[in-house]
Every structure is written in structure tokens, then in C-alpha cells.
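Visitor: I would like to learn how to read strand pairing and helix packing from a model. Please show me the case at hand.

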Amino acid sequence: MRQLCKGNVAVVKGAILAGCRGYYGYPITPASEIAEAAALYFPQVGGTFIQAESEVAAINMVYGASAAGVRVMTGSSGPGLSLMQEGMSYLAGAELPCVIVDVMRGGPGLGNIAPEQSDYFAMVKGGGHGNYRNLVLAPASVQEMAEFTMLAFELADKYRNPAVVLTDGFVGQMMEPLELEDREIQPPEKPWAVKGTPETRANLISSIFLESDELEEHQRQMEAKYIRAQEAEPRCELCHTEDAEILLVGYGIVSRVLLSTVEALRKQGVKAGLFRPITLWPYPSKALVEAVSNRGSKVQKVLVVELSNGQMVEDVRLALNGSVPVEFYGRVGGNVPSVRELQEQVLSRIAVAV
């Protein structure tokens, strides 16, 4: 079924198609439509929607629902996600799957309600305390808001871990055609539900371990599954990388502007290419290295563009390890660079290199 849909609404439709039947959250701009759509659609499929009194309450409701075996989600923006960090750490420690949508806005503090990419560190690097990871997906269109939410539930169940759909205010608020099809819901292979019966009591995994050796063993088990995820789950998209001399890197709304920039530059005779990470964790480092250093590669410089002061650029530099120069260009405060602006940035860097 094809329909015109807003990104924040597509998230909810994708979640329902993935078998999610519980939404607990608190509205916040630019993510409020997620809660509004959940309030409308979840009861229609026999699901539960509750507007919690706060983001702290919401994430703990998610914890309880997940422990009971429900596919569950919440959504918010930067200030709300800050309040959820402790609960996310508990969910990871108890190995409970859930999906969390972060529609990023300007920060720090309350910042403003315009799009930014300022939550990269908080979501990709953990945010809360302890040795844990979030699985993080970065959609760049309304279609991907639905599809990546479905994928997030699959990954969350597969690794028994929180999965984050990390997007920005532009993608959350824009309206585009959305194509949805009914799909068969695949139940988790290893149910974790705790139902208060003797048979399910063993399913209960607490996030507290009073013995040092027990906590170390638990963390080693978590580390092993994160290593498996790093091998199996990195995803990316490449465009015009075969002959690229300058490689542009960006995610979310920035990747769309960069794609138009690449096309405009190539019409001018500049061999530009685009590397777009789809998973921000695990980061597709091997694919990035291959795009830059494979046999026949002509990449002489990498330009990372973000709606931040520079966060993902650290992972790009770490992956490439000095093999080529990595430069950065960012806009903040809710400003999104134009195609012309990025063309000028690329051309100025080529001129300097020459």
C-alpha cells in the first residue's frame, strides 16, 4: 500500500508491522508525532499506548514490558533521551530487547527544536554507565524510517539488546511516499518472557550482580555478542566510489544533501563519491577502508559532513588510521548546509590540495 506519510508516523507503522504491541513515551518536539501516531494505531491492533509522566517513567515501563516478553518501543528527542540513559543501561545489562527512536534536535540543554545530529556520542558510544552498546540505525528517508524500525526490532531480539533508530528533525518531520506491505511476524527464537511461573523464573536476568566474578562473566558474555554483531551487522551505502578522488561521508538528512552534491560535482568534472553509514554501531569501518584503499582506489581526501561540531568524524578517522587525510565540515543550531555550500567546501579543498 502506497501512501503519503510523515517520517515520525512511518516509525509507528513499521513498528506495528514488526509485531510491536507496546509504546510508552512522553511527547517532545520534533518527535511528538511518534507518540500521537502510537496513541492512534496501537489500540487498533490490540496494543498498549501509555503517555508516561516523564521520560524516566517511560523507559522503565519499556523495561517492564520487555521483561514480560512484549515487543516494545519508545521515542523521544535529545533532552528526553538524556533522562532515559540510566534505563537504557539497565535494559542492556538485563539483556532485554527494545527499540528507542531518537529524533535529534539542537543542543546542548534544551537547545532548540530544529534538526541536529548532536546525539551521536550519546547513542553510539553508550551514553549511560557501564560496558554496553546500543545497536544504532540511521534512516535518511520516510521509507527507511519504517524499514529500519522493523530491522531494529529484529536486531534487538537477535542480540537481546536495545536498538536505536537515530534520525534528525528533518527526516522525522518530512512527508514522502511510503510503501508498506503486510508481513509475517517472526517471533523471537529464544523467548525471554518472565510470567511469574516457576517455568519462566529462570528467564529473569537482573541488571545487578553483587559478586565481582559474576559481573565479569556477564560482561564477557555481553562482549562476545557485541563482537558477533560487529562482524555480522555493519551496513552502508556507496555511490560513485569506484573512481572517486574525494569521498564525502554523512548520514541522515546530510547524506541526501551530499548525494545531490556528488551529482552536481560530477557534472563539473569533479570525481566525488559518497559513503553513507546505515549502521552507526556497529560502524561499517571495513567497508569504508575498502572504499578508500582497495586496489584501484583514487581517493585522495575524505570530507565528513555532520550537523554537529564533529562526532562521527572520530570514527571515520579511527577506521582510516591516517591512510588518507580526513577533514570535517559541520553546521549546528538547526542549520542544514545547502548543495551549493557543500560544493564550495569541496572545491576549496581541491584547490588547496592542488
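Visitor: Which residue stands opposite V136?

Guide: V136 faces W281 of β12. Strands are DSSP E runs of at least two residues and helices are H or I runs of at least four, both numbered from the N terminus. Two strands pair if DSSP finds at least two bridges between them; here β6 (residues 135-137) and β12 pair in the antiparallel sense over 2 bridges. This is a predicted model, where local features need pLDDT of at least 70, side-chain atom pairs count only at pLDDT 80 or more, and totals for chains, interfaces and linings use all residues. Residues are numbered from 1 along each chain as its sequence is written, and side-chain values use heavy atoms, with hydrogens and water left out.

Visitor: What is the order of the strands in the open sheet?

Guide: The order is β3-β2-β4-β5-β7-β6-β12, 7 strands with mixed pairing. β3 (48-51) and β12 (279-281) each have a single partner strand, so one side of each lacks a neighbour in the sheet.

Visitor: How are two packed helices described?

Guide: By the angle between their axes and the distance between the axes. Axes are lines fitted to C-alpha atoms, for helices over the stretch in contact (heavy atoms within 4.5 Å), and angles run from 0 to 180 degrees between N-to-C directions. The axes of α1 and α2 come within 8 Å and cross at roughly 40°. That makes α1 oblique to α2, since angles under 35 degrees count as roughly parallel, over 145 as roughly antiparallel, 65 to 115 as roughly perpendicular and the rest as oblique. Among the residues making the contact are V9 and I16 of α1 and I34 and Y41 of α2.
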